[in-house]
Amino acid sequence: MDRNQIRKWLRAPAKMANKYSLHAIYFCTGCGIIEVPPVITARWDAERFGVIPVATPRQANLFLITGYVSVKTLRAIIRTYEQMLEPKYTVGFGSCPINGGMYWDSYNTIKHLDKYIPIDGWIAGCMPRPEAIFIAVTHLWTLIDKGMANGYIRYRENYEFYRRNQEMVLGKLDWPPLYSTE
Amino acid sequence: MVAKVMQIILSPVLALVVGVFFLGLARKIMARIHWRYGPPLVQPVIDMIRLFYQKSVSHGSVFDLGLILSLAGSIVVVLFLPFGQMCPLSNSGGLLVILYIMLLAPLGLALSGGQGANPNISIGISRKLILSLGYEVPLLLVLLAVMTHYKTISIIEVVKIQQSTGWSIISFPLFLSGLSYFLILPAILGIRPFDISSALQEISSGPIVEYGGKYLALVTIEHAFALFISIALFVNLFLGGGANPLIFFAKMLVVFVLGLCINAVFPRFRIEQAIKYLWKWPTLLAFLGLIITLM
């Protein structure tokens, strides 16, 4: 930690702590999750950047959506995202959440994930290498520094839009809205 | 009088600092044993700052009060433990009081977690209580042997006698009790092979599954205190305490690193395997030590 960083810590402790303590919720949505075990274990060791997997959404603030999102998984993803505590960051991993990828004409997967939950950053590729996760994390640091990783604020402000899109795919949702929609 | 008040304020703070340092050290040493670089030593502090700034969800008043109860219990136990020459509440109670108040922390956490109404919490709590049933038996036998051997219930007296006659872990009958305490230490700390109650992969980290934000930070602080208490008790009872706090913390560090090496290489027990182990070897050793002490 150099002197420059100490000044940053004193000026904005919340921002810096959010940067260096990204706890990722360990939620396997698709095939991309196979890239995560090497990242968190001895080969690539994400813990040196403060990124560790946690078991529950309550303790997490980073949500990696790894791979294609089927309609059934979308329901679980939305519930998990809504249970996480603010501030929270989402990263879409692989080309399938971006635009459907190789499942673009599948009847059972959704094409654009950012219609349903807000995404702070994308990692393109099929599959992205584990190093790409580190690049995403460093980009996320920059975004947090500049205050641009504001997905959770966008979710709150445009909740009506997101909820409408969710209901369009999933039908009637069996949980109450997170924010009031008036 | 002023010195006493200063000690009462200072010793929980000191215990907290040492406990949090141990948490950071644990992650670093574990990483090094895994051939990883590992997080910085201050990583638990960074995590706690982050958690304190996060929004948090409460599950009712018992959820809050149980957590406060367990924190208060831990802080009170720290006041009764002598470290170095520091012991704020030296003349009141002794080992018996420590035994009673040590129960407050897990009970408070169980009470608080029960309000969360998550099935993982109830599984975790029941596992934790079964595990404590496992290690309380040898622990009580060990403490009984120590109290009988030194003919006192005061932990200060135990430390004083040891400083004149040598550590009790290398004296003959208490050697068995000390070994037994060391064997159940991982169970008391809740580290592998006894992390059954907080198993990340099986029951989503067990009792703390519903804690987030400030609550999780408080649970981490409570965990740091629990770490400090069980190791400090071992150092006081068997390694002769310390002439000053620095030597005391050095002894604690050695015990903790030994525990970590066990933590790093062993897989997790199932609950009935843990009970079988705890009621076999440590209990046998503790019982033998008690019998020899009584004779």
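Q: What makes strand S1 (residues 23-25) and strand S3 (residues 62-66) of chain A a pair?
A: In this predicted model, strands S1 and S3 of chain A run in the parallel sense and are joined over 2 bridges; because two strands pair if DSSP finds at least two bridges between them, they count as paired. Within them, Ala24(A) stands opposite Leu62(A) in S3(A). Strands here are DSSP runs (E, at least two residues) and helices likewise (H or I, at least four), numbered from the N terminus.

Q: Why are strands S2 (52-54) and S5 (121-123) of chain A called edge strands?
A: The 5 strands of the open, parallel sheet follow the order S2-S1-S3-S4-S5 in chain A, and S2 and S5 each pair on one side only. The twist averages 35° from one strand to the next, where angles run from 0 to 180 degrees between N-to-C directions of axes fitted to C-alpha atoms, for helices over the stretch in contact.

Q: What touches chain A in the complex, and which element of chain B gives the largest share of its side?
A: The contact takes 26 residues from chain B and 18 residues from chain A, residues being in contact if their C-beta atoms, placed from the backbone, lie within 7 Å. Helix H2(B) supplies the largest share of the chain B side, 6 residues.

Q: How confident is the predictor in chain B?
A: On the pLDDT scale, the predictor's confidence in each residue from 0 to 100, chain B averages 86, and 99% of its residues score at least 70. Local features need pLDDT of at least 70 and side-chain atom pairs 80 or more, whereas totals for chains, interfaces and linings use all residues. Residues are numbered from 1 along each chain as its sequence is written, and chains are lettered from A in the order in which they are written.

Technical notes:
Contact = placed C-beta atoms within 7 Å.
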